[in-house]
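Trainee: I would like a close look at one part of this structure, with what surrounds it. Please state the cut-offs as you go.

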Amino acid sequence: QVQLVESGGGLVQAGGSLRLSCAASGRTFSRNGMGWFRQAPGKEREFVAAINWSGLSIYYADSVKGRFTITRDNAKNTVYLQMNSLKPEDTAVYYCAAAGSVVAGPDHGNYDYWGQGTQVTVSS
């Protein structure tokens, strides 16, 4: 199966930035859609951003548009989430996910593989 390892989480002040990385392994990674999701304590997992295999189709949740940027480097088998202008409400565990097809989107049901999660805490 596809394996995902996340890194880059931590503590940051409001208005600051963090860059999350997700290193993937597996034969089909380069043609799989990839996404980022997050989950705060006591809340449901929510969609953050997604990118298809070519990097030409990109999706963002309304709450992060203009602040977050998702990219992927298929040569390095890595997907990134650049998070700028962070707000306290961005505090959550962030999960990297890989879809089971070449397409991606906001539906978490499209994703077959999940990373372990990395904590992002934004202080006010």
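Leaving aside its neighbours within four places in sequence, which residues is L81 in contact with?

Mentor: This is a predicted model, in which local features need pLDDT of at least 70 and side-chain atom pairs count only at pLDDT 80 or more, while totals for chains, interfaces and linings use all residues. Residues are numbered from 1 along each chain as its sequence is written, and side-chain values use heavy atoms, with hydrogens and water left out.

With neighbours within four places in sequence set aside, L81 is in contact with L18, R19, L20, W36, V48, A49, F68, T69, I70 and Y94; contact means heavy atoms within 4.5 Å. Across the strand pairing, I70 stands opposite L81 in β8. Strands here are DSSP runs of E, at least two residues long, and helices are runs of H or I of at least four, numbered from the N terminus.

Strand β8 is mostly covered, with five of its six residues buried. Buried means under 20% relative accessible area, exposed means over 50%, and partly exposed lies in between, computed with a 1.4 Å probe on protein chains only.

L81 also belongs to the largest nonpolar core, which has 34 residues, and W36, L81, M83 and Y94 touch the most other members. Such a core is a set of buried Ala, Val, Leu, Ile, Met, Phe, Trp, Tyr and Cys residues joined through side-chain atoms within 4.5 Å. Two or more residues come from each of β3, β4, β5, β7, β8, β9 and β11 (118-123). Strand β9 gives the most to this core, with six residues. In soluble globular proteins, nonpolar side chains tend to be buried together.

Next, the sheet. It is open, with four strands in the order β1-β3-β8-β7 and antiparallel pairing; two strands pair if DSSP finds at least two bridges between them. β1 (3-7) and β7 (68-73) are the edge strands, each pairing on one side only. On average, neighbouring strands of this sheet are turned by 15° against each other, direction ignored. Axes for such angles are lines fitted to C-alpha atoms, for helices over the stretch in contact, and the angles run from 0 to 180 degrees between N-to-C directions.

Strand β8 covers residues 78-83 and is joined to β7 by six bridges, the two running antiparallel. Six bridges also join β3 to β8, again antiparallel.

N77 counts as partly exposed because its relative accessibility is 28%. In the loop between β8 and β9, S85 also has a positive phi, near 50°, in a residue other than glycine. With 40% relative accessibility, S85 counts as partly exposed too. Most residues other than glycine have a negative phi, and most peptide bonds are trans.

A disulfide joins C22 to C96, with S to S at 2.1 Å; the rule asks for a pair of cysteine sulfur atoms within 2.5 Å. By this rule the count comes to one disulfide. C22 lies in β3 and C96 in β9 (residues 92-99), so the pair ties together parts that are 74 residues apart in sequence. The link is left-handed, with -80° about the S-S bond, and both cysteines, C22 and C96, are buried.

Two asparagines in loops complete the picture. N32 lies between β3 (18-25) and β4 (34-39) and counts as buried, at 6% relative accessibility. A polar atom of the N32 side chain lies 2.5 Å from the backbone oxygen of A99. A polar contact is a pair of N or O atoms within 3.5 Å; within protein, one must be able to donate a hydrogen and the other to accept it, and residues adjacent in sequence count only if both atoms are side-chain atoms.

N52 sits in the loop between β5 (46-51) and β6 (58-60) and is buried, with a relative accessible area of 10%. A polar atom of the N52 side chain lies 3.0 Å from the backbone nitrogen of G55. Beyond four places in sequence, the contacts of N52 include R72 and V102, and those of N32 also include R72 and V102.
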